[in-house]
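Subject: Structure for your review

Dear colleague,

My notes on what was found in it follow.

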Protein chains: 2
Amino acid sequence: MKTIEKTTCTVLSAGGVTTAQGFKATGLHSGIKKKRKDLGLLVSAVPAVAAGVFTTNLVRAACVTQNEAQLLAQPYLQAIVVNSGNANACTGVQGDQDAKTMRAETAKALGLADDAVAIASTGVIGVPLPMAPLLAGIGQAATTLAQAGGDFFAEAMLTTDTGKKEVAVQLLLDGVTVTIGGAAKGSGMIHPNMATMLAFVTTDAAVEPAALKRLLSRTTDQTYNRITVDGDTSTNDMVLVLANGMAGNDTLDETHPQWTEFADAFRYVSEKLAKDIARDGEGATKLLEVVVNSAPTEGIASVIAKSVIGSSLVKTAVFGADANWGRILAAAGYSGAQFDPNLLDIYIGSVQVAQNGMGLVFDEETAREYLLGDHVVLTVNLNQGEETASAYGCDLTYDYVRINASYRT
Amino acid sequence: MKTIEKTTCTVLSAGGVTTAQGFKATGLHSGIKKKRKDLGLLVSAVPAVAAGVFTTNLVRAACVTQNEAQLLAQPYLQAIVVNSGNANACTGVQGDQDAKTMRAETAKALGLADDAVAIASTGVIGVPLPMAPLLAGIGQAATTLAQAGGDFFAEAMLTTDTGKKEVAVQLLLDGVTVTIGGAAKGSGMIHPNMATMLAFVTTDAAVEPAALKRLLSRTTDQTYNRITVDGDTSTNDMVLVLANGMAGNDTLDETHPQWTEFADAFRYVSEKLAKDIARDGEGATKLLEVVVNSAPTEGIASVIAKSVIGSSLVKTAVFGADANWGRILAAAGYSGAQFDPNLLDIYIGSVQVAQNGMGLVFDEETAREYLLGDHVVLTVNLNQGEETASAYGCDLTYDYVRINASYRT
């Protein structure tokens with residue numbers, strides 16, 4: 001697995017969904033939320049090749065169902081409209097109709113065909129979408145699009161997130177500069193596979209549609225589907241990627257000599273957004289990363305990493321800076337993966353706490369100091385193979401309980 | 001599914017593992033814990049038919065492995081020794097040896113063969129069992145066994161539990177009174193299948209060994225495996241049942257005309273203990289019960305009930321008395337079960353909050369009042385079949401985080 005450090009792309013010090021050529025965006029307060037921005041609009045100057053991945057929840061919001069059907073019919077998009085504050089999920093026939101209206105009115109305001117527009121909603125479930133403020137907001141947004149509007153767009157997506165999640169990278173392909181940027185939101189109901197998680201990635205690269213779809217699918221498996229905040233999978237999650245080709249590179253697919261470089265850069269953007277979501281999990285005080293090494297298969301490594309990252313007992317122990325490694329071993333054990341627990345070593349940061357499945361005498365104070373940091377890496381070496389996988393999450397805190405005990409009120 | 005009200009057995013106002021004829025027990029402080037009782041001993045006057053179910057965690061404590069092997073070899077036991085404060089898990093070869101010594105010394109003190117004794121440990125993982133106080137305690141316990149000692153035994157099993165979990169019932173079989181009693185402990189790392197959960201059930205009924213095993217297995221699926229506190233499955237869980245035959249009934253198996261009555265009474269005992277564990281989940285303020293009705297199969301009903309009971313978002317909403325039914329629907333949706341979400345109705349207590357997969361206008365204040373109670377029932381009617389299943393859990397609270405952020409310290 002490639003790590004960030006090995007990626008050859010250049011990470012820009014600032015940037016997001018409008019850093020790539022030809023993308024404009026905006027974000028504003030339409031009135032769905034009380035005060036904060038709640039409506040974002042992102043538009044490409046030309047039609048873009050598009051791909052999407054969507055929640056696996058059987059209960060799916062209208063925006064998810066409609067976008068998926070639309071991308072199956074034709075893999076092109078030119079705009080994304082997103083609202084926060086209301087998920088338009090479990091809202092029945094009215095919800096379907098409202099989603100269609102949201103799409104149609106956006107298309108109309110931009111002079112596009114309906115099926116050039118993707119829609120996304122996030123927020124409370126089961127309450128009808130307030131259409132009057134939403135539609136007025138769409139009209140206003142269409143007139144305020146700007147290349148500098150990426151930040152506003154990223155802000156307008158947020159629900160209980162404490163901050164924007166944006167990233168942009170550049171690399172040279174065929175001698176031209178290609179940019180990939182993205183914006184995402186978390187931060188509760190986050191769990192593989194997908195969650196109340198929205199991520200939108202834009203690039204000016206030219207990419208062949210089927211190759212873009214395969215790349216998104218594989219990358220999602222290794223990034224967005226490796227993050228857990230609370231084990232809940234939402235009704236509204238999606239990742240959309242738009243590639244408008246304005247950089248002027250030769251169209252990319254897996255046979256292009258620089259495909260791997262592009263795929264790595266795309267992965268960097270996705271991993272950065274995924275980690276930012278995990279770090280900003282509801283109530284989180286730190287980013288928690290679980291690395292499983294020397295596994296027989298990547299599948300086994302991934303199942304164990306996801307099990308440990310999802311353990312409430314591990315998460316509370318990390319919050320309390322308690323080096324309770326037995327919980328890590330227990331979570332590996334109930335993951336469902338087959339392995340020999342008697343070969344397993346565990347590290348908290350660089351402090352080895354278990355060897356061959358048993359506890360070591362270790363410096364509790366050093367481990368505690370490390371656990372007090374804002375990025376905690378727990379490493380499990382299975383010592384029964386060559387494969388590796390990581391998962392990302394956060395600690396479980398009083399604030400998670402506070403936030404979720406009264407989300408609607 | 002039988003509910004408690006339909007059971008024909010008599011629930012005794014007090015009672016536990018020593019209520020059935022021929023059982024004595026004790027519990028004392030041996031010195032594994034700082035102050036509280038940490039060693040329990042339960043003995044039958046005669047060899048008892050025995051059956052057990054054990055954690056599905058790949059990482060299993062020595063007590064689990066050894067008991068399972070022993071019961072496979074011969075389904076009889078005469079004593080159970082249990083310590084709390086130390087799980088003797090992830091303790092390697094030394095842990096195996098310590099478990100054997102714990103068993104052998106108990107057998108010696110009681111004048112029994114080693115394989116007539118089952119052992120159980122619960123508490124912190126990865127720390128060697130303090131053998132000196134344990135063995136001294138075993139010697140002392142063997143001299144203080146009493147018919148009145150069931151309460152002490154139930155107390156000695158506890159870890160972060162806030163109270164004892166005991167029950168006893170009686171019924172007439174073949175014209176003689178048969179008693180079934182039990183004791184259990186929770187209360188973190190509780191999740192299907194099994195958890196840091198110990199339950200010991202004793203009866204003076206005569207039961208055929210294979211029938212007892214089948215009954216325990218089926219009942220465990222419908223009771224202990226339906227409770228969730230935090231989604232973590234422990235290394236040490238077990239349920240053991242001892243049937244010593246001293247009531248003098250004809251030996252029971254599925255062909256006995258009163259088998260169903262016995263099975264229902266056994267299930268009552270198990271369900272009572274399971275609910276008590278859920279109600280006393282770490283930090284819990286209330287018992288949460290999820291009932292899924294009108295499902296195509298019991299399997300589907302059970303998968304959905306377990307998914308809803310395990311949702312951190314549902315659990316925090318219940319803690320906050322917030323009638324956020326969208327989270328119930330979302331948890332049903334990501335359960336993995338196949339159903340049509342558009343047919344589904346949801347009730348919080350008797351307040352219907354959703355119909356045909358959509359929200360209803362309901363009296364928020366009535367729902368809130370109900371959610372403030374100490375026993376909350378959430379009902380999901382799928383309206384696509386005849387089958388029913390329940391799951392039991394608790395709310396997710398600040399105290400869960402507090403308890404688990406500093407368990408070892």
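Which backbone nitrogen does the side chain of Asp345(B) reach? It is that of Asn356(B), at 3.0 Å.

Before the further details, some conventions apply. This is a predicted model, in which local features need pLDDT of at least 70 and side-chain atom pairs count only at pLDDT 80 or more, while totals for chains, interfaces and linings use all residues. Residues are numbered from 1 along each chain as its sequence is written, chains are lettered from A and ligands numbered from 1 in the order in which they are written, and side-chain values use heavy atoms, with hydrogens and water left out.

Asp345(B)

Asp345(B) belongs to strand 11 (residues 345–348) of chain B; strands (E, at least two residues) and helices (H or I, at least four) are DSSP runs, numbered from the N terminus. With a relative accessible area of 10%, Asp345(B) is buried (buried is under 20% relative accessible area, exposed over 50%, partly exposed in between, with a 1.4 Å probe and protein chains only). Not counting residues up to four places away in sequence, Asp345(B) touches several residues, among them Gln352(B), Thr379(B) and Asn383(B); contact means heavy atoms within 4.5 Å.

Annotated binding-site positions

An unreviewed UniProt entry places the feature "binding site" at Thr159(A), Lys185(A), Thr196(A), Glu282(A), Asn404(A) and Thr409(A). UniProt positions are in the numbering used here, feature names are shortened, and annotations may be inferred rather than shown by experiment.

Of these positions, Thr196(A) is found in the loop between strand 7 (176–185) and strand 8 (198–203) of chain A, and it is buried at 14% relative accessible area.

Asn404(A) sits in helix 11 (residues 398–405) of chain A and counts as buried because its relative accessibility is 1%. Its side chain and that of Glu282(A) are joined by a polar contact of 2.7 Å (a pair of N or O atoms within 3.5 Å; within protein, one must be able to donate a hydrogen and the other to accept it, and residues adjacent in sequence count only if both atoms are side-chain atoms). Leaving aside neighbours within four places in sequence, Asn404(A) is also in contact with Leu313(B), Thr316(B), Ala317(B) and Arg327(B).

Cysteines

Over all chains, the structure holds zero disulfides, a disulfide being a pair of cysteine sulfur atoms within 2.5 Å. For Cys63(A), the closest cysteine sulfur is in Cys90(A), 11 Å away and therefore too far for a bond. Cys63(A) is buried at 3% relative accessible area, and Cys90(A) is buried at 10%.

Yours sincerely
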